[in-house]
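I opened the model to look up a metal site, a strand and the pockets. My notes follow.

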Amino acid sequence: MTRKKLLSSLNAKVPRTGRVPRDMFVLGILVSAVALLMWNGSYFFGYLSRAEGGFTGELQISSTTLTLNVALILFGWRYYVDLQQEIAKRAESEERAAIMASTDGMTGLLNRRGFSERAELLRETAMNEGLQLAVISMQLNRFKQVNDRHGFDVGDELLRRIATSLSDTVGPERALARISGDEFAVISTIQADGREEANALAGAMLGVATAPIMIDKTLVNVGAFIGIAAAGPEEVGVRDLLRRADIAQAHGRQGRMARPVWFNDAMERELFVHNEIEQGIRAGLGHGQFLPYFEPQVDLKTGQIRGFEVLARWHHPISGVVQPGRFIPVAEEHGLIDQLSEEIFRQALSHAADWPSDIQLSINISPSQLADSWIAQKLVRILTETGFPANRLTVEITESSLFSDLEMARAIVNSLKNQGIRLALDDFGTGFSSLSHLRELPFNSIKMDRTFVRTIHEDREAEAIVRAVTTLAEAIKIPVTVEGIENAETHEKVSTLGCTLGQGWFFGKPVPAHQADQLLRTSDTPDVSTPAAKSASA
Ligand code: C2E
Ligand code: MG
Ligand code: MG
């Protein structure tokens, strides 16, 4: 609600005490005016009649006039008193409206508007006293989960408690606001070399947010991400300072940094690029810019292609081919991954539908897709439309996607399995509690992350891990695909350690569909020497 609307709605509720007296006042003036006319008239006519020796009503008119004038004075006085009362009430209601317009109803802290007003005052102080301004932006972590798990009442109470503690921490000389749902901001004047001062304040705020809070016998535990920006009051406006602190905070959130993060110019450039990518994805979707590339997955013994992993590539009209690491996270963040994946999967599956029936296809799904209860149905629809058999499709799921909501992941994984789709645990070893995931969910295969393989020659530990994972996988009868085999040495090493399936640049980089066709044609006959031969000729 705008301030204007709020003011008028509040004013509408204030009784208009001046209305009746004002009408009476007007009436009084009119009556008095008439009386005065009559009075003056009576003198005039009296004079005439005296002159002519006739008219005698002068005394009667004068007393009427006197009574009316007294009434006028009384009305006027009443009006004055009521008017004063109305002015006082209006002033009070305007003040109330102004406070409401700049205060957050839930916590009693300032809201964004109030924050800007107070910030401008602090800016003036900073200018007059040669100080700097620091803005601290804080967003709670896992607040949504608190609402989801314990209900909105607990969530609201949590916000109020945190607001109270923050108020005590921040003190009255600074401005503290609840900027939006779970976001708070503080603006403070600091000395020109006051970085430590701002750090200490941000640290204390973090302490407030991370302290466990008992609400209705429920121990609630959240955290926060914090960004800080500081500048001279003439250098950067308050709005920009808050924006910078927000950028730093978002940076901290992305990197899961459990400490306050200071803004720097590189973050702004990064944000610019990020926005460009987002706009680019929106413009490119549906225009053939996103294509599936195919990376061969081979039998390590024979060198024969067993299948392909589908990897997204963006054919950007200006930048050329863009790797998924650049655009998949942006698509995920802006809710575009669903559409993008569908575009990739549809092309890949319809192209591969004609390939030999023993060739498998693996696709990757993002963490956010594993929170979409319709994902299985969406995949089945694509399978039906493209004619690709479900039992030749493997869905790769990273461990990190299982982390946020295991129950949801389990439900989706089960419905995928029920459709006959196979499942692979991607990037195995990089996430948490890998073994428990293997026990909990019905995976058909494991993909060992390439970080273990990369150092397998120099690092005995890496070798031991690869060996252990292979032995474990053998014991639970789940095949392992080794990622990132870049050369013949690695190929040999992982083969001797018992790995049977692999992929990597040694066997071939991800290629467009027509090149994958070619690879399939040329590797029709098994050729055990393929990798070694390649390495010899390299
Ligand atoms: P990933 O699923 O683990 O895919 C394997 C990545 O390792 C691919 O990177 C592949 O090109 C790269 N790679 C394969 N062999 C080698 C090697 O020998 N050496 C090195 N250095 N790298 C190798 P890419 O294509 O850049 O994909 C990166 C990640 O992006 C993928 O990791 C996957 O998580 C994600 N991704 C790719 N396409 C899609 C997609 O369509 N949807 C989703 N959700 N994620 C995708
Ligand atoms: Mg993968
Ligand atoms: Mg992987």
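Is glutamate 396 buried or exposed? I found glutamate 396 buried, with a relative accessible area of 1%. Buried means under 20% relative accessible area, exposed over 50%, and partly exposed in between, with a 1.4 Å probe and protein chains only.

Conventions. This is a predicted model, in which local features need pLDDT of at least 70, side-chain atom pairs count only at pLDDT 80 or more, and totals for chains, interfaces and linings use all residues. Residues are numbered from 1 along each chain as its sequence is written, chains are lettered from A and ligands numbered from 1 in the order in which they are written, and side-chain values use heavy atoms, with hydrogens and water left out.

Metal site. I looked up the protein donors of the magnesium ion (ligand 2): Glu309 (OE), Asn364 (OD1), Glu396 (OE) and Asp426 (OD), at 2.0 to 2.2 Å. Donors are N, O and S atoms within 2.8 Å of the metal (3.2 Å for Na, K and Ca); water is not among the atoms, so sites may look incomplete. Asparagine 364 is in strand E11 (residues 360–365) and glutamate 396 in strand E12 (residues 393–398), so the pair ties together parts 32 residues apart in sequence. Helices (H or I, at least four residues) and strands (E, at least two) are DSSP runs, numbered from the N terminus. Asparagine 364 is partly exposed, at 23% relative accessible area. Aspartate 426 coordinates both the magnesium ion (ligand 2) and the magnesium ion (ligand 3), which are 3.9 Å apart.

Strand E8. Of the 10 residues in E8 (residues 290–299), 9 are buried. E8 runs antiparallel to strand E9 (residues 305–316), joined to it by 9 bridges; two strands pair if DSSP finds at least two bridges between them. The donor glutamate 309 is the bridge partner of glutamate 295.

Pockets. A pocket is an open set of points on a 1 Å grid over the protein atoms alone, where a 1.4 Å probe fits, with protein on both sides within 12 Å along at least five of seven lines; lining residues have an atom within 4 Å of a point. Volume is the space filled by probe spheres set on the points, which are joined across faces, edges and corners. I read about 1,900 Å³ for the largest pocket. Domain 2 (112–263) and domain 3 (272–537) both give residues to its lining, so the largest pocket lies between them; the bounds come from an automatic or database domain assignment. The second largest pocket holds about 1,200 Å³. Among the residues nearest its centre are Glu309, Asn364 and Asp426, which are also donors of the magnesium ion (ligand 2).
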